[in-house]
Amino acid sequence: MTVDWKKRAQSYQDEYSNDLKELISINSVRDDEHKTDEFPLGEGPTQAMLKFLSFGERDGFKTQNIDNIVGYIEYGSGDQTMAMQAHADVMPAGDGWETNPFEMVEKNGNVYGRGTSDDKGPALAAYYGLRMLKDNGIMPKMKIRLIIGTDEESDWTGMKHYFQVEPQPTFGFSPDAEFPLINGEKGNATYVTTFGHTNGSEFTLKRFDSGLRLNMVPGSADALVEVGDNEKFVDGFTEFLDQNPIAGDVKSTGQGVALHITGKAAHAMEPKNGVNAGTYLAKFLNDYPFDGAAKEFISYLAEDLHDDSRATKIGAAHVDDIMGELTMNVGIMKFDTQHGGSVNTNFRYPKGTDDQEILAHLQQAADKRHGTVKEINNMDTHYVDPSDPIVSTLMHVYQEQTGDMDSKPEVVGGGTYARLMKRGVAFGALFPNAQDTMHQANEFQPVANLIKAMAIYGQSIYELTAK
């Protein structure tokens with residue numbers, strides 16, 4: 001059967017836009033503070049997943065909600081299963097938005113809002129790709145499931161649960177990255193380094209707070225300090241702001257001097273795309289005579305971790321010919337006089353090194369400052385050979401739809417649900433040379449690109465399951 005995939009995708013644009021608007025309006029940031037038995041990850045992620053399922057029910061698909069943390073939309077039947085793994089949760093909005101992050105705004109051909117790029121917009125495009133088969137009367141030769149997770153931006157509780165209670169899919173892709181195709185993902189390891197709570201007398205660090213998520217470069221940082229000479233300290237901070245790629249403000253309060261720095265948030269897979277406000281704040285404080293564990297916390301950030309996304313200073317740097325460089329993101333930094341300090345680091349590592357080797361380098365650096373390092377989680381490297389039909393078929397569709405014959409499969413530092421499948425790859429929806437605003441303020445996607453992705457997904461599902 002011949003389908004004009006591009007023309008069909010265009011015909012869905014108004015419906016797609018209305019559905020996406022509903023999804024963006026749901027604040028689906030994981031909310032452990034307000035979790036309940038009914039909503040184990042907070043209400044928002046579940047409601048966004050249920051909204052996806054409601055679209056499937058509306059359009060005549062089979063749907064299944066699994067314990068309010070993961071669900072799927074199903075079409076077709078058979079012993080084999082092709083999976084599309086997407087997520088309904090989003091990163092915290094953070095500062096710097098020019099529009100309401102949870103209200104979709106369309107301007108200049110772009111749609112703005114948290115999730116337009118990561119991952120509500122692409123996931124919905126994949127759903128409409130599936131609709132193309134059903135609406136054209138095309139019955140696949142196998143089972144197809146669009147699986148919707150609810151905490152991809154955290155620890156994957158929902159999708160991991162799916163794989164515990166449902167069979168492993170035969171193959172599939174995740175519409176949660178970039179085109180043309182990602183067939184390899186670096187290992188992903190996260191650590192926390194903790195420090196005591198002792199402090200100095202003349203210079204006291206009362207509070208330090210930066211970072212929202214482990215996989216996000218912190219775009220802001222705050223500290224409250226007591227210093228010997230407020231005026232001289234404030235002048236020094238103002239001069240520091242002028243000399244570095246950051247903004248900020250400072251004010252004296254009844255409790256001390258309050259400092260604020262604004263950097264640039266970015267996805268942790270490439271920290272160089274951001275400006276880490278937290279480590280810059282530590283760099284400033286490191287020039288002053290703080291003492292005790294507070295000083296060790298500051299020095300660890302400023303001397304061992306600041307502006308070193310390849311982890312050269314701690315000796316963990318590594319490069320693989322296929323998978324590229326190891327990267328390090330300093331995601332969450334906290335200190336207070338009661339609980340002490342903690343620093344969360346997230347590493348994306350290639351073949352040739354591993355989480356234990358990274359841990360050893362981190363601990364060696366922390367030992368000099370009486371810190372203790374603990375591994376929080378780790379996912380090993382993932383790679384699908386380019387000769388696998390899942391790679392060759394998707395690449396063929398992408399090339400046919402776009403005319404881009406030069407792009408090749410890639411290996412990236414980002415982690416997607418695709419790595420949970422032995423034959424899983426990440427496939428779109430960010431096009432080459434398009435601006436990447438994932439995890440950033442003013443996240444957006446060009447409408448034309450989302451519709452183009454829809455056409456690619458429609459043809460891809462057909463080629464993989466029904467041709």
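For the tallies on this tour, Ala, Val, Leu, Ile, Met, Phe, Trp, Tyr, Cys and Pro count as nonpolar, Asp, Glu, Lys and Arg as charged, and the others, Gly among them, as polar. What you have open is a predicted model, where local features need pLDDT of at least 70, side-chain atom pairs count only at pLDDT 80 or more, and totals for chains, interfaces and linings use all residues. Residues are numbered from 1 along each chain as its sequence is written, and side-chain values use heavy atoms, with hydrogens and water left out.

**Stop 1: the largest pocket**

Select E152, E153, S154, D155 and N215: of the 36 lining residues, these lie nearest the centre of the largest pocket. (A pocket, on a 1 Å grid over the protein atoms alone, is an open set of points where a 1.4 Å probe fits, with protein on both sides within 12 Å along at least five of seven lines; lining residues have an atom within 4 Å of a point.) Its volume is about 690 Å³, meaning the space filled by probe spheres set on the points, which are joined across faces, edges and corners.

Now colour β8 (177–178), β10 (187–195), β20 (340–349) and β21 (372–379), the elements that give two or more residues to this lining. (Strands are DSSP runs of E, at least two residues, and helices are runs of H or I, at least four, numbered from the N terminus.) β21 has the largest share, three residues. Colour by residue type and the lining splits into eleven nonpolar, twelve polar and 13 charged.

**Stop 2: the second largest pocket**

Next, pick G94, D95, G219, S220 and A265, the closest to the centre among the 23 residues lining the second largest pocket. About 380 Å³ of space lies here. β11 (204–210), β12 (216–217) and β13 (220–226) each supply at least two lining residues, and β13 gives the most, with three. The tally here is eight nonpolar, ten polar and five charged.

**Stop 3: a three-stranded sheet**

Show β4, β5 and β26, which form an open antiparallel sheet in that order. (Two strands pair if DSSP finds at least two bridges between them.) The edges are β4 (105–107) and β26 (444–446), each pairing on one side only. Neighbouring strands are turned by 25° against each other on average, direction ignored.

Zoom in on β5 (residues 110–112), which pairs with β26 over three bridges. Which residue of β26 is the bridge partner of Y112? Click F444.

Note on methods:
Axes fitted to C-alpha atoms, helices over the stretch in contact; angles between N-to-C directions.
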